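Dear colleague,

Please find below the structure that I am handing over to you, together with its sequence. My notes on it come directly after.

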Amino acid sequence: MTKAKVALITGGSRGIGAAIALKFANDGYDIAINYSADSEQAETLVTTLRESGVNAVAYRCNVADGAEVESMFTEVEQRLGKIDILVNNAGIMRLAPLGESTDELFDSHIATNLKGTFNTLRLASERLVDGGRIINLSTSVIGLRLETYGVYAATKAAVESLTATLSNELRGRSITVNAVAPGPTATDLFLAGKPPELVERMSKMNPLERLGSPDDIAHAVSFLASQEGGWINGQVLRANGGMI
């Protein structure tokens, strides 16, 4: 019997990350869920994944801490096997005009969104299976120049730069490195703190006139992780309904 491929999803216990995990389970992967705080939510998802017939584990880890990330990679390898697919989904989004952005707001975005991605990419460049896949989550907000999104968008622009660079550095190993950049998507991260009229306005920004769903993004990630997506490398897929 052929061993299932192993996918590690950071920030995988809810929202887009959970949708990716469920889609990957349907695709037949064994799955490691990284989470930072809510162990109950992560374990509930792992139970659901196991009931679908795949091997699944949850691992608590602060992706901004390089030592914790290394321990997570080792634990996943010991429990599920070498990692074939890495999805960098962990992230935070706290909005403020640049002139009102505190050092703490800036540093927290850098720690999670940028350094967290850097930490996993650094290890994946050494430990991912040849022929593997890396998919980073960015944002379509980069191209919109929306007020209050400056620090968040800046960290995601840096993630896109790391994506392009690593795709070249892994030459010869048949590992693809891409990013998916969602537009406004109906998750707790996006909806928190936004008045209904703002959500409605943003849902009409694309010609399909709706918010994206976590499943919309999961399907794009699944394609890039698949054999069919193997000729796509070093690219950013803007999954936003045609918004930009």
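The notes below cover pockets, a cavity and helix packing.

This is a predicted model, in which local features need pLDDT of at least 70 and side-chain atom pairs count only at pLDDT 80 or more, while totals for chains, interfaces and linings use all residues. Residues are numbered from 1 along each chain as its sequence is written, and side-chain values use heavy atoms, with hydrogens and water left out.

The largest pocket holds about 800 Å³ of space. It is lined by 37 residues, of which Asn 89, Ala 90, Gly 91, Ile 92 and Leu 189 are the closest to its centre. Helix H1 (15-27), strand S2 (30-35), helix H5 (150-169) and helix H6 (188-191) are the elements that give two or more residues to this lining. (A pocket is an open set of points on a 1 Å grid over the protein atoms alone, with protein on both sides within 12 Å along at least five of seven lines; a cavity is a set where a 1.4 Å probe fits but cannot get out; lining residues have an atom within 4 Å of a point.) Grid points are joined across faces, edges and corners, and a volume is the space filled by probe spheres set on the points. Helices (H or I, at least four residues) and strands (E, at least two) are DSSP runs, numbered from the N terminus.

By class, the lining of the largest pocket has 17 nonpolar, 16 polar and four charged residues. (Ala, Val, Leu, Ile, Met, Phe, Trp, Tyr, Cys and Pro count as nonpolar, Asp, Glu, Lys and Arg as charged, and the others, Gly among them, as polar.)

The second largest pocket has about 190 Å³ of space. Among its 14 lining residues, Gly 212, Asp 216, Ala 239, Asn 240 and Gly 241 are the closest to the centre. Helix H8 (residues 214-225) gives the largest share of this lining, three residues. Six nonpolar, six polar and two charged residues make up the lining of the second largest pocket.

Cavity

The structure holds one cavity of 30 Å³ or more. The largest cavity contains about 30 Å³ of space, and its lining consists of Lys 5, Asp 84, Ile 85, Gly 131, Gly 132, Arg 133 and Ala 225. Two of these residues are nonpolar, two polar and three charged.

Helix packing

H1 and H8 pack with their axes 8 Å apart, at an angle of about 50 degrees. (Axes are lines fitted to C-alpha atoms, for helices over the stretch in contact, and angles run from 0 to 180 degrees between N-to-C directions.) H1 and H8 are therefore oblique to each other. (Angles under 35 degrees count as roughly parallel, over 145 as roughly antiparallel, 65 to 115 as roughly perpendicular and the rest as oblique.) On the H1 side, the contact includes Gly 15, Ile 16 and Phe 24, and on the H8 side it includes Pro 214, Val 221 and Ala 225. (Contact means heavy atoms within 4.5 Å.) Nine nonpolar, three polar and three charged residues form the contact of H1 with H8.

Helix H3 (residues 66-80) and helix H4 (residues 103-127) have axes that come within 9 Å and cross at roughly 40 degrees; H3 and H4 are therefore oblique to each other. In this pair, Gly 66, Val 69, Glu 70, Phe 73, Thr 74 and Glu 77 of H3 meet Asn 119, Thr 120, Leu 123, Ala 124 and Arg 127 of H4. The contact of H3 with H4 has four nonpolar, four polar and three charged residues.

The axes of H4 and H5 come within 9 Å and cross at roughly 15 degrees, and the two helices are therefore roughly parallel to each other. Among the residues in contact are Leu 105, Phe 106 and His 109 of H4 and Val 151, Tyr 152 and Thr 155 of H5. The contact of H4 with H5 divides into 12 nonpolar, five polar and one charged residues.

With kind regards
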